[in-house]
Amino acid sequence: MINFFQKLGHKTLSRFASLGRSTSMLFGALVNMPNIRKGTPLLIRQLYMIGHQSLLIIMVSGLFIGMVLALQGYTVLVGYGAEDSLGPLVALSLLRELGPVVTALLFAGRAGSALTAEIGLMKATEQLSSLEMMAIDPLKRVIAPRFWAGFISMPLLALIFSAVAILGAHLVGVDWLGVDSGSFWSIMQAQVSFEKDILNGIIKSFVFALVVTWIALYKGYDCIPTSEGISKATTETVVHSSLAVLGFDFLLTAVMFSG
Amino acid sequence: MNTRKIEILVGLFVALGVLAFAVLALKVANSGISGSGETYTLNAKFENIGSLKARAPIKVGGVVIGRVEGISIHPQEFVPVVNMTIDANYECQFSDTTSVSILTSGILGEQYLGISPVIASESARQSCFGYEVAHDDASDELEDLFGVESKALRNGDLITDTKSALVLEELIGQFLFNQGSE
């Protein structure tokens, strides 16, 4: 019995400790910004690895999700003779929910896991310690550019996702199923508001970017430096960041769209 | 891969992102009255607003000239007060005898506000804009006839001539009542 409480207390304390470590890592990466001249090439390299290389999967998934939404929406709406409302249905669900959330989930799988594995391996092969030996702060040199690259890339990817998905919905809805193109766009424009829908979607994806990149970097930075530890950390990155994204999505939706 | 190529590809990525933002902002969202352009505010008291919502369009003869900003309850009279934002081009154009009614687009459609405008007289318009008004005989005669001078609606005014939304239960109740009295 005592043993159980001891374990419970130990677990709780180590949870708080890891939360504290992750916060201090994030703080260290944000405050010790590398200077502009030296940091920019590092940032651009990471933007390429994290952002540009995720483009293909984001665009292809966006296209297919848009097409599926249009197909499913059409079958329901046509029963009410309201197939003209396909545009706002697709646009609102994409801009408010699916765009930021699906992008964040894909991003966690595509880029987050890669970040964790890369940093974990750096730790296992003692590259991070060697940097410290050379008086280079790994937070500054390794973590900060990756964090900023993730933070910048994900909202851009979410915007691209939504735009491509709406084009995919247009492809299926208008060109295949025969919804009128004019009413598709005009009813969409009448229903979608720039501040309420698009800007709130962008705010959401910034929050998700922060959460996913932070979790991925921390799991890599804090992993047990063995091959087993890295594999465990990579799995944890995907699981924890997906759950965190869905949880935060509920909170943000409740704040933004319930009123 | 050399740095130059990476820079170009990252530039491409960022440009795509900006392009997507532009498409969403210009093609998908409304670039209409809410948010852009000058507006002014009018209020109207209703008996019953049915299912009118904030952001519902305000139309004159089917053309959207504004949106419902908010709906609240009058603190003393306990009737709904609808707060409207209307394109500033129409400030001081409508007379205060203008009526507003809550209408429904289509059978299952959203409810919207329809304004049946009464065009303000020239003198009322000028006094609304803050000019000195020269009283001519015609307007004085009208004033004598109706007792009050009609004013043009400006920012913050209250429209009194309103028609509430049709509520199905009330209509049926009225119908039954009329049937019974015959």
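I started at Leu217(A). Setting aside residues up to four places away in sequence, I found that Leu217(A) touches Leu115(A), Ile119(A), Ile143(A), Arg146(A) and Phe147(A). By contact I mean C-beta atoms, placed from the backbone, within 7 Å. This is a predicted model: local features need pLDDT of at least 70, side-chain atom pairs count only at pLDDT 80 or more, and totals for chains, interfaces and linings use all residues. Residues are numbered from 1 along each chain as its sequence is written, while chains are lettered from A and ligands numbered from 1 in the order in which they are written.

**Cores**

I looked up the largest nonpolar core next. It has 76 residues, and Val90(A), Ala91(A), Ile160(A), Val212(A) and Leu217(A) touch the most other members. Such a core is a set of buried Ala, Val, Leu, Ile, Met, Phe, Trp, Tyr and Cys residues joined through C-beta atoms within 7 Å. Two or more residues each come from helix 2, helix 3 (55–77), helix 4 (86–124), helix 6, helix 7, helix 8 and helix 9 (227–257) of chain A, and from helix 1 (3–28) of chain B. Helices (H or I, at least four residues) and strands (E, at least two) are DSSP runs, numbered from the N terminus. Helix 6 of chain A gives the most to this core, 21 residues. Another core lies apart from it, with 25 residues, including Leu42(B), Cys92(B), Leu113(B) and Ala120(B).

**Leu69(A)**

I then checked Leu69(A), which sits in helix 3 of chain A. Why is Leu69(A) buried? Leu69(A) counts as buried because 23 other C-beta atoms lie within 10 Å. The cut-offs are 20 or more other C-beta atoms within 10 Å for buried, 12 or fewer for exposed, and in between for partly exposed. Neighbours within four places in sequence aside, Leu69(A) is in contact with Val90(A), Ser93(A) and Ala169(A). Leu69(A) and Ala169(A) are 100 residues apart in sequence, yet their C-alpha atoms are 6.9 Å apart in space.

**Contact between the chains**

I counted 25 residues from chain A and 20 residues from chain B in the contact. On the chain A side, helix 2 (36–51), helix 6 (138–176), helix 7 (181–191) and helix 8 (194–221) give two or more residues each. That side divides into 17 nonpolar, 5 polar and 3 charged residues. Here Ala, Val, Leu, Ile, Met, Phe, Trp, Tyr, Cys and Pro are nonpolar, Asp, Glu, Lys and Arg charged, and the others, Gly among them, polar.

**Sheet of chain B**

I traced an open sheet of 8 strands in chain B, in the order 7-1-4-3-2-6-5-8, with mixed pairing. Strands pair if DSSP finds at least two bridges between them. Strand 7 (157–159) and strand 8 (161–163) of chain B are the edges, each pairing on one side only. Strand 1 (residues 39–45) and strand 4 (residues 80–87) of chain B are antiparallel over 7 bridges. Tyr40(B) has Ile86(B) as its bridge partner in strand 4, and Lys45(B) stands opposite Val81(B). Strand 3 (residues 63–73) of chain B also runs antiparallel to strand 4, joined by 7 bridges. There Arg67(B) is partnered by Thr85(B). Strands 3 and 4 of chain B form a hairpin with 6 residues between them, and Phe78(B) in the turn has a positive phi of about 55°.

**Confidence**

I noted ipTM 0.76 and pTM 0.72 for the model. Chain B has a mean pLDDT (the predictor's confidence in each residue, from 0 to 100) of 80, with 83% of its residues at 70 or more. In chain B, strand 4 is highest at 89, and helix 3 (residues 137–146) is lowest at a mean of 61.

How values were computed. Two residues are in contact if their C-beta atoms, placed from the backbone, lie within 7 Å.
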